[in-house]
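The following account leads the reader through a protein structure, from its overall make-up to individual residues. Please keep the sequence and the structure in view while reading.

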Amino acid sequence: MNNVKGKGSFSAPGDYIYFKSQVPLHQIPVGLKQWRYYDFGPKAVPPLICIPGTAGSADVYYKQIMALSMKGYRIISVDIPRVWSHHEWIHAFEKFLDGIDVHHIHIYGTSLGGFLAQLFAQHRPRRVKSLVLSNTFLDTRTFSAAMPWSPVVSWAPSFLLKRYVLTGIRDGPHEPFIADSVDFVVAQVEAHSKDDLASRLTLTVESASVGPLLLSDASITLMDTNDYCAVPQELKDEIGERYPGARRAYLKSGGDFPFLSRPDEVNLHLQLHLRRVGVEPRPDLIRGAPKPTDVGNPSVEKQRGYDDHRDVGSSRDQSEIEQMYDNAADKLPENDEQEEVHELRKGNKESCKGPLGGDEREDEDEDDPAGDDGGFSRGLSKKNEAENTKEPLRDDEKSSKNSGSTNADDNPKDSEINSSNEQLSGNHVARLLNKDPQNLSSVIMFSELVLLSYMLLPTFFGALYITCSVHSCRCR
């Protein structure tokens, strides 16, 4: 994605703008393919390679790059290059790894990225040490049956491919964080070229299935959302049946893009997975990271510019994050793993704001310069301090506020929440499709009609040419 900002009325989050200013985007040619990727974190640590789905790009994992690299992990997020078969993907990905001098990898794949990760692990078993699979599948039969015009997908115009991809994204209403993740990904779909979308859809519908893996089930983690997903539930159930010994990491909610809407939970499960497969972080190699003796020292923290919100920008407050860690520890059967979760929780509480800041924007104001230059943590800290210093309302003031048209409580009315959610969700999808969000299903029928006409045009002109030729011969 070249530039999210400026596409319609969508503006990029402040933490994403800050991420772009800190993490360089690499573009290298490998053979005839152009690879676009981010590579951040200590080079001495075996990398976790993130592969997106059909609609995503390397940018969708910026929250994982921000959070995990500051803990001492190396994260590589890649774009799926323009390949037209699964065999070509395997060879292109292997050449890419050779080009960046990486031999043994761990892969985090979502949707189509998870399917491609399994294919690579099947055909190149010595290079893949572990897998994290999220909302993915084992074969392409379901998607091929749902796209009868798949043989001509490479001929389809760009607007038609974008419309087809967007119909797979569930329309609203969504909660705000899920709505933000949908808008972020939709903005990237707008920036994709026709050939990029056509190649990814080809990989989704081309006949292929994942065979047996030499990788042990203990080295696989299945991370799925329980609310809804573009991948049917029966396909996710097949994944669980194929890898019965795999670790399970269920997210109560998160939609199609939990890495954007639920980054705290996703990052926790990724850390647990990497620890289980023997990947140890190296925070001592992070430039600008605080030393253990610096944490808790008021003078050092003041000098470094730390504030009291160490997990600034998180989609959940500190108490919820602590409860999440406790729940994760309680669900684990082994004592060693419980201690491991508590260690990660302790590390998160003692972590300080480093060069990449926090994970996610929160209450960002467009007029606040802190939200524009990545300093959203300072703005959030000042906001909370101002709220804490407010004088309590008198009883008569409380009654007058409660009787007014606006609600004085922190919890708005259900009607207000629903109207806010409806405004946040689906707007960007509808604007691109130029249709009402509730009628996006009609796009599929429209797409098929256009493609049918597109296919019949050569036949029509061919028949017209033959008719004219016959008529010309008779006249002679």
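Predicted model: local features only at pLDDT ≥ 70, side-chain atom pairs only at ≥ 80, totals over all residues.

Residues are numbered from 1 along each chain as its sequence is written, and side-chain values use heavy atoms, with hydrogens and water left out.

The protein chain contains 20 helices and eight strands; helices (H or I, at least four residues) and strands (E, at least two) are DSSP runs, numbered from the N terminus. Of its 476 residues, 49% are buried, where buried means under 20% relative accessible area, exposed over 50%, and partly exposed in between (1.4 Å probe, protein chains only). A contact means heavy atoms within 4.5 Å. Among contacts between residues at least 6 apart in sequence, 78% join residues at least 24 apart.

The eight strands form an open sheet with mixed pairing, in the order 1-2-4-3-5-6-7-8; two strands pair if DSSP finds at least two bridges between them. Strand 1 (25-30) and strand 8 (247-251) each have a single partner strand and stand at the edges, so one side of each is left without a neighbour in the sheet. From one strand to the next, the twist averages 20°. Strand 7 (residues 220-225) and strand 8 run parallel and are joined by five bridges; Leu222 has Arg248 in strand 8 as its bridge partner.

Helix 3 (residues 86-99) touches strand 1, strand 2 (33-40), strand 3 (48-51), strand 4 (75-78) and strand 5 (105-110), and its direction makes about 50° with that of strand 2. Helix 4 (residues 112-123) touches strand 3, strand 5 and strand 6 (128-134), and its direction makes about 145° with that of strand 5. For these angles, axes are lines fitted to C-alpha atoms, for helices over the stretch in contact, and angles run from 0 to 180 degrees between N-to-C directions.

In soluble globular proteins, nonpolar side chains tend to be buried together. Here the largest nonpolar core has 96 residues, and those with the most contacts inside it are Phe93, Tyr108, Leu131 and Tyr243. Such a core is a set of buried Ala, Val, Leu, Ile, Met, Phe, Trp, Tyr and Cys residues joined through side-chain atoms within 4.5 Å. Helix 4 gives the most to this core, with seven residues. Beyond its neighbours within four places in sequence, Phe93 is in contact with Trp35, Ile49, Ile51, Ile105, Ile107 and Phe120.

In helix 9 (residues 233-242), the buried residues are Leu235, Lys236, Ile239 and Gly240. Seen down the helix axis, they fall within an arc of 150°, so they line one face of helix 9; the arc is that of the directions from the helix axis to the C-beta atoms. Their cover includes helix 4, helix 5 (141-145), strand 7 and strand 8, whereas Glu234 and Glu241 are exposed on the other side of helix 9.

Most residues other than glycine have a negative phi. Asp101, however, has a positive phi of about 60°; Asp101 is found in the loop between helix 3 and strand 5 and is exposed, with a relative accessible area of 57%. Asn135 also has a positive phi, near 50°. Asn135 lies in the loop between strand 6 and helix 5 and counts as buried, at 3% relative accessibility.
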